[in-house]
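Here's a quick tour of one chain, written for someone who likes to check numbers against coordinates. Have the viewer open and follow along.

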Amino acid sequence: MAPGLPPAMERPHFIGIGGAGMSGIAKILAQRGAKVAGSDAKDSATAEALRALGATVHIGHAAEHLAGDASCVVVSSAIRGDNPELARAAESGIPVVHRSDALAALMDGLRPIAVAGTHGKTTTTSMLAVSLGELGLNPSYAIGGDLDAPGSNALHGDGEIFVAEADESDRSFHKYAPEVAIVLNVELDHHANYASMDEIYESFETFAGRIVPGGTLVVSADHDGARELTRRVRDVRVVTYGEAQDADVRVLSIVPQGLRSEVTVLLDGREITFTVSVPGRHYALNAVAALTAAAALGIPAARMAPALAAYTGVKRRLQLKGEAGGVQVIDSYAHHPTEMTADLEAMRGAAGDARILVVFQPHLFSRTQELGKEMGEALALADASVVLDIYPAREDPIPGVTSELIIDAARAAGADVTPVHDKGEVPDTVAGMAGPGDLVLTMGAGDVTDLGPRILDRLAK
């Protein structure tokens, strides 16, 4: 079943087309036959991949990049009002569409699975995309990271299932109408948009209320925030999963096996054991969420469970970048304390006696202001850390908010922390700290990922 192209999306122009969420939508539209164009601040492998699909990608933002025959302009919440292409759209009367509306249009007529939660969305969405593809169901998917196997963050499949990340950061997940919605966890994050946990709960309640009649809400039974959500939602079928005794799909065991885990669950009175091909308890639980969602769509767990082993990871989610001088360098997207703790615990379980060294780049001033202490405490799980300056992304600086908040908290928790303000000094700093057998994690949601190859080059010398 392959839906047609929404008329408003026949000639879309994307501002920030190289972004993780934007590029996925652009790829699917190109694969459906749309005449896709867009611009981005810098050239990238993503831009090249879009060009290979026939898209026109401009580097830099300028009014003349927007063609007069564009059917719409697609933007994300990160695009500022003074963008010249956005101004040209207003002058020309070209409709402006938020990326969430564009994604919702792509899901229309299909059976959507929307994956939400403060952490784990990309991994769980990816697990579903890979395993459903392994079963020959040919799903479409839009993911916030590139899969290891297909090497892409999006695909237009000819099956009836569409798997998508549902982003709560700007409430854009309220636009979707899924048949199955997954909520992995509910925590306070995105402090520029949410002032309290009550606001977070209200937002997730609205998302749950968007589930189509007869659909299912799949929720973690282990996470306090997710359990609170189940008490708040009404008029929707809820299926819980996790290690809690009262979980509908109960995890009986998670057994680490090096960089893999063997998971046993009790589902509909049957014990099912399967392999998760990435390390860490949190990834094992994400796989159980995927298994539960597939069951809600009518896919037998006995078929889905072995297919989950085909998932080998997503770029930037504990991705091995290489080895030099006996030191492995791994890239982690973790930028919230819960994510940082989960990835460090996963690596501790897989590392044995190896030392774990972290190069951490805080992401956003607002997040650091609210969670700097917890970030520092998470870094205490490493043997030593290098902490960089805050990556601002879309934010302006906040007076008094610097990475020193994290460094002070980490030292108070007993951590060995070295501040480095110039990213160019990091390879030499790490080379002076690391020895054969050590693991180095570049951690954060900003451009810290670029340091992995440079660290490897320095270690090789």
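Asp268 has a relative accessible area of 73%, so it counts as exposed. You'll find Asp268 in the loop that links strand 14 (260–267) to strand 15 (270–276). Its backbone is worth a look as well: Asp268 isn't a glycine, yet its phi is positive, at about 55 degrees. Keep in mind throughout that this is a predicted model.

Asp235 sits in the loop between helix 7 (224–232) and strand 12 (237–242), and with a relative accessible area of 85% it is exposed.

## The chain as a whole

Zooming out, the secondary structure comes to 14 helices and 21 strands. The radius of gyration is 22 Å, close to the 23 Å that the globule rule gives for 461 residues, so the chain is as compact as a globular protein of that length. If you want a box around the C-alpha atoms, it is roughly 60 × 55 × 40 Å along the principal axes.

As for burial, 56% of the 461 residues count as buried.

In soluble globular proteins, nonpolar side chains tend to be buried together. In this model, the largest nonpolar core has 71 residues, and Ile113 and Phe274 touch the most other members. Helix 8 (residues 281–296) supplies the largest share of this core, with 10 residues. There is also a second, separate core of 48 residues, with Met9, Ile28, Cys72 and Leu217 among them.

What does Phe274 touch, leaving out residues up to four places away in sequence? The list runs Ser261, Glu262, Val263, Val265, Ala287, Val288, Leu291, Ala305 and Leu308.

## Helix 4, boxed in

Why can helix 4 be called largely enclosed by the rest of the structure? Seven of the nine residues in this helix (residues 99–107) are buried, and that is the reason for the label. The buried ones are Arg99, Ser100, Ala102, Leu103, Ala104, Leu106 and Met107.

Their packing partners are helix 1 (20–31), strand 4 (72–75), strand 5 (96–98), strand 6 (111–116), strand 7 (140–142) and strand 9 (161–165). Just after helix 4 comes Gly109, with a positive phi of about 85 degrees.

## Val115, fully covered

Strand 6 is also where Val115 is found. Val115 has a relative accessible area of 0%, so it is buried. Leaving aside residues up to four places away in sequence, Val115 touches Lys121, Thr124, Thr125, Leu128, Ala164, Glu165, Ala166, Ile182 and Leu184.

Val183 is a handy distance check for Val115: the two are 68 residues apart along the chain, and their C-alpha atoms are separated by 6.4 Å.

## Helix 11 meets helix 12

Two packed helices are described by the angle between their axes and the distance between the axes. For helix 11 (residues 365–379) and helix 12 (residues 404–412), the axes come within 7 Å and cross at roughly 35 degrees. The crossing of these two helices is right-handed.

On the helix 11 side, the contact uses Thr368, Gln369, Gly372, Lys373, Met375, Gly376 and Leu379, and these meet Leu405, Ile406, Ala409 and Ala410 of helix 12. Sorted by class, the contact has six nonpolar, four polar and one charged residues.

## Two partly exposed spots

Glu202 belongs to helix 6 (residues 197–209) and, at 49% relative accessibility, counts as partly exposed. Its C-alpha atom is separated by 9.8 Å from that of Val233, 31 residues apart along the chain.

Ala67 is in the loop between strand 3 (56–59) and strand 4. At 37% relative accessibility, Ala67 counts as partly exposed. From Ala67 to Pro12, the C-alpha atoms are 9.7 Å apart in space, and the two residues are 55 residues apart in sequence.

Conventions: Residues are numbered from 1 along each chain as its sequence is written. This is a predicted model: local features need pLDDT of at least 70, side-chain atom pairs count only at pLDDT 80 or more; totals for chains, interfaces and linings use all residues. Side-chain values use heavy atoms; hydrogens and water are left out. Buried means under 20% relative accessible area, exposed over 50%, partly exposed in between (1.4 Å probe, protein chains only). Helices (H or I, at least four residues) and strands (E, at least two) are DSSP runs, numbered from the N terminus. Contact means heavy atoms within 4.5 Å. A nonpolar core is a set of buried Ala, Val, Leu, Ile, Met, Phe, Trp, Tyr and Cys residues joined through side-chain atoms within 4.5 Å. Axes are lines fitted to C-alpha atoms, for helices over the stretch in contact, and angles run from 0 to 180 degrees between N-to-C directions. A crossing is left-handed if the near helix is turned anticlockwise from the far one by less than a right angle, and right-handed if clockwise. Ala, Val, Leu, Ile, Met, Phe, Trp, Tyr, Cys and Pro count as nonpolar, Asp, Glu, Lys and Arg as charged, and the others, Gly among them, as polar. The radius of gyration is taken over C-alpha atoms; the globule rule is 2.2 Å times the number of residues to the power 0.38.
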